[in-house]
Every structure is written in C-alpha cells, then in structure tokens.
Amino acid sequence: MTVREMKLSPSIFAADLGELKSQIKELEDSGVELLHVDVMDGHFVERMAFGADHIRALKSMTDIPLDVHLMIERPEVHIDSIADAGADIITIHQESTARVLSCLHKIRNRGIRAGIVLSPGTPEETIKYLLDDIDMILLMSVNPGEGGQHFLSSTVEKIKNVRAMIGDRDIDLEVDGSIDHETIRPCYEAGANVFVSGGYLFKNIKENTEALRKAVRG
C-alpha cells in the first residue's frame, strides 16, 4: 500500500461564524490542507447548512482548497451552482441519487475533483464500479448530519477494505465523524489519509491541529 500524504480538512460547520475570518487565518497559519464545507438541504439530512453563496464567501476569504460535501437529495440539480461558487472538490452521497455516475462525470467535466461518500450503513462494495471515475472516497464514521455522536469503530475495517479496493489508483481516502487525537491514528493506520475534524479541532485550532498531526506521526 502506498503511503499517501496526510491532509487535514477542518469542518467549517464547527466554526464560530462570528469569528470566521480570524479562525480561517488560524487555519491558514496552522497549514491545514483543505476546508471541509457541509452542504445540507433539510431533506437528505434533517439539518440545513451552507449553500453556493456561503461557498462563494469562503472562496473570497482564503486560498485553502474547498472540500465540499453535498448532503443533499438530487445533487445533480446543484452541481453547477456549487462549482460556479468555487468548490475545488465535490463529494456526493452514494445514497442521494440514482444518477451517481453522471453526477461524477459532471463534476469532473467542470475541472473539479469528484468524490463519493458512504454513510455508515452503506456497504463499500457498492462503489466498486466507480473506482475509475473518482478522485476521493469519503467514509462517514457517524451518521451524516446528526450531532453528538460517537465514532463508529466498525469504520476502521471499512477503511481497510476500501484502501484495498483502491489499489494503486490516485484516490484520496477521507474519513469524517468524531475525529480527534484518539480516533485519527487507527483510521490512518487502516489507510485513510484525509481527516475531517470539527468540534475537536475548533476548540483550539493551533493546539489541536498539531495534536492530530502528532497522533498520526506516532
């Protein structure tokens, strides 16, 4: 297995919106590689959060690439507006549309990296047919769009299986949900290389960013 570069993707959903500019500056100073932006429609998940206008505003604040996670039904309707707003990566849920492959092609045709997301209950075998059409796989280690959850330990085995499926393809493997200094290490050892962290990281951006990197380095 090729060891891939570790990347942190702080979830902007956990930021203090009143202090957003200063927190983004802290993230830049801490050298984070991506910014994770959750788009929620109140249908695919109960919550509503962010949209094209918010992505456009974030794009004007920072050069950190925007890792946009669409937790929405029928993402095919919104891909163009999200792309126009400045997304650098767009991931869609395997469970969100019957037109997964056409969505991925639509994203890539815009010159944007495309990814597929699996909720905890969705088997990894369902994405085998997509492996040559994606740049990222995002595995949820909690149920999407719900707060106050614990890391699902079964995710570690799923990461191992997906990393084996990826083989030597140039695909990032991302994990999202209750990632902290304790849960990140087993995920990394299993084969994940991109880590979404929200509440944990934003409690103390500088200190906890370094704690995550240190946990991976061992």
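Start by selecting Gln94 and Thr126: a polar atom of the Gln94 side chain lies 2.9 Å from the backbone oxygen of Thr126. That is a polar contact, meaning a pair of N or O atoms within 3.5 Å; within protein, one must be able to donate a hydrogen and the other to accept it, and residues adjacent in sequence count only if both atoms are side-chain atoms.

Before you go on, note that this is a predicted model, in which local features need pLDDT of at least 70 and side-chain atom pairs count only at pLDDT 80 or more, while totals for chains, interfaces and linings use all residues. Residues are numbered from 1 along each chain as its sequence is written, and side-chain values use heavy atoms, with hydrogens and water left out.

**Stop 1: around Gln94**

Stay with Gln94, in the loop between S5 and H4. Helices (H or I, at least four residues) and strands (E, at least two) are DSSP runs, numbered from the N terminus. Is Gln94 buried or exposed? Gln94 is buried, with a relative accessible area of 14%; buried means under 20% relative accessible area (1.4 Å probe, protein chains only). Now show its contacts (heavy atoms within 4.5 Å). Not counting residues up to four places away in sequence, Gln94 touches several residues, including Val100, Ile116, Leu118, Thr126 and Tyr129. Ile127 is 33 residues from Gln94 along the chain, and their C-alpha atoms are separated by 7.8 Å.

**Stop 2: strand S5**

Next, select residues 89–93, which form S5; five of its five residues are buried. Ile89, Thr91 and His93 lie on one side, with Ile90 and Ile92 on the other. In a regular strand the side chains alternate between the two faces of the sheet.

**Stop 3: the neighbouring strands**

From S4 the chain crosses through helix H3 (residues 79–85) to S5 in a right-handed β-α-β crossover. Right-handed means that, with the strands pointing away from the viewer, the path from the first strand over the helix to the second runs clockwise.

Ile89 stands opposite Arg113 in S6. With helix H4 (residues 100–109), S5 and S6 make a right-handed β-α-β unit.

**Stop 4: Val68**

Finish at Val68, whose contacts beyond four places in sequence include Val37, Ile55, Ile82 and Ile90.

Terms used. Buried means under 20% relative accessible area, exposed over 50%, partly exposed in between (1.4 Å probe, protein chains only). Two strands pair if DSSP finds at least two bridges between them.
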